[in-house]
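Here is a friendly tour of one protein model. Take a look at the sequence and the 3D view, then read on.

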Amino acid sequence: MSRRSGILEFAVLGLLRESPMHGYELRKRLNTSLGIFRAFSYGTLYPCLKTLVASGWLIEESAGDPADAAPVAGRSAASSSSLTGRRAKIVYRLTAEGKEHFEELLSHTGPDAWEDEHFAARFAFFGQTERDVRMRVLEGRRSRLEERLEKMRASLARTRERLDDYTLELQRHGMESVEREVRWLNELIESERSGRDRRRSSPEGSAQQDTPGETGGLPRHRDNTPPDPSDDTAK
């Protein structure tokens, strides 16, 4: 499985955890909520959905079925609808196994979670992520960008005398983009730490547990959307 298809599966599971949707709704949400998927097509989404169904993480239902209805054993919703002589809209619903699998993916904090596209997808579901996991992902992302920034500065120092003004300006723009994201991450990390410290210092702090959905007090004066990873100048 490619990295991009893995990111798409993660995003689909996350969206369906919120509510069941049909394919068009899913594609729209992926485009509007997760900008990294704005260029993908139905030809990418539907094989992903079929894979998740085959894995037991999703089930297909015909639109209009009762909320607790399940497909007939051995027959998909699509094949069932063909018996009625009309094409039913297929709704995809997360199974208990799918929810468990998504929660397991949410807990991952390794290097893949720090990369451009995967980080953007992970950040989109921070509201469903434990605070300690959020912190590890944010700190890992910052470390990765600081390494990238150091390499960019070293490269520019070696080559600036050989670059024309426009190429030099492009290099500077790329560095500024990375520096801007590092500052943004610093603010988010500080906000998460401040929220954690407030909880620990509260009279009932010892009895409270970190739960998904607690933001730790995000900075309100900035747009907290991750910078677009498709901006090649920032890499």
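This is a predicted model: local features need pLDDT of at least 70, side-chain atom pairs count only at pLDDT 80 or more; totals for chains, interfaces and linings use all residues.

Residues are numbered from 1 along each chain as its sequence is written, and side-chain values use heavy atoms, with hydrogens and water left out.

**The whole chain**

- The protein chain has eight helices and three strands. Here, helices (H or I, at least four residues) and strands (E, at least two) are DSSP runs, numbered from the N terminus.
- Reading from the N terminus, the order of elements is α-β-α-α-β-α-β-α-α-α-α.
- Of the 235 residues in the protein chain, 38% are buried. Buried means under 20% relative accessible area, exposed means over 50%, and partly exposed is in between (1.4 Å probe, protein chains only).
- Take the contacts between residues at least 6 apart in sequence: 70% of them join residues at least 24 apart. A contact means heavy atoms within 4.5 Å.

**The nonpolar cores**

- In soluble globular proteins, nonpolar side chains tend to be buried together.
- A nonpolar core is a set of buried Ala, Val, Leu, Ile, Met, Phe, Trp, Tyr and Cys residues joined through side-chain atoms within 4.5 Å.
- The largest nonpolar core holds 24 residues, and V12, L16, L26, L30, L49, L58 and F125 have the most contacts inside it.
- Two or more residues of this core come from each of helix 1 (3-18), helix 2 (23-33), helix 3 (42-54), strand 3 (90-94) and helix 5. Helix 1 gives the most, with eight residues.
- A second, separate core has 21 residues, including F123, M135, V137 and W184.

**Helices with a buried face**

- Which residues of helix 2 are buried? They are G23, L26 and L30. Seen down the axis of helix 2, these buried residues fall within an arc of 60°, so they line one face of the helix. The arc is that of the directions from the helix axis to the C-beta atoms.
- In helix 5 (residues 96-106), the buried residues are G98, H101, F102 and L106. Viewed down the axis of helix 5, they fall within an arc of 145°, so they also line one face of their helix.
- A96 and E100 are exposed on the other side of helix 5.

**How helix 6 meets helix 7**

- The axes of helix 6 (residues 116-124) and helix 7 (residues 131-159) come within 11 Å and cross at roughly 155°. Axes are lines fitted to C-alpha atoms, for helices over the stretch in contact, and angles run from 0 to 180 degrees between N-to-C directions.
- Helix 6 and helix 7 are therefore roughly antiparallel to each other. Angles over 145 degrees count as roughly antiparallel, under 35 as roughly parallel, 65 to 115 as roughly perpendicular and the rest as oblique.
- On the helix 6 side, the contact is made by D116, F119, R122 and F123, and on the helix 7 side by V133, V137, L138, R141 and R148.

- W114 sits in the loop between helix 5 and helix 6, and at 19% relative accessibility W114 counts as buried. Beyond its neighbours within four places in sequence, W114 is in contact with T109, F119, R136, V137, G140, R141 and R144.
- W114 and R142 are 28 residues apart along the chain, yet their C-alpha atoms are separated by 8.1 Å.
- G140 belongs to helix 7 and is buried, with a relative accessible area of 6%.
- From T44 to S5 is 39 residues in sequence and 8.5 Å in space, C-alpha to C-alpha.
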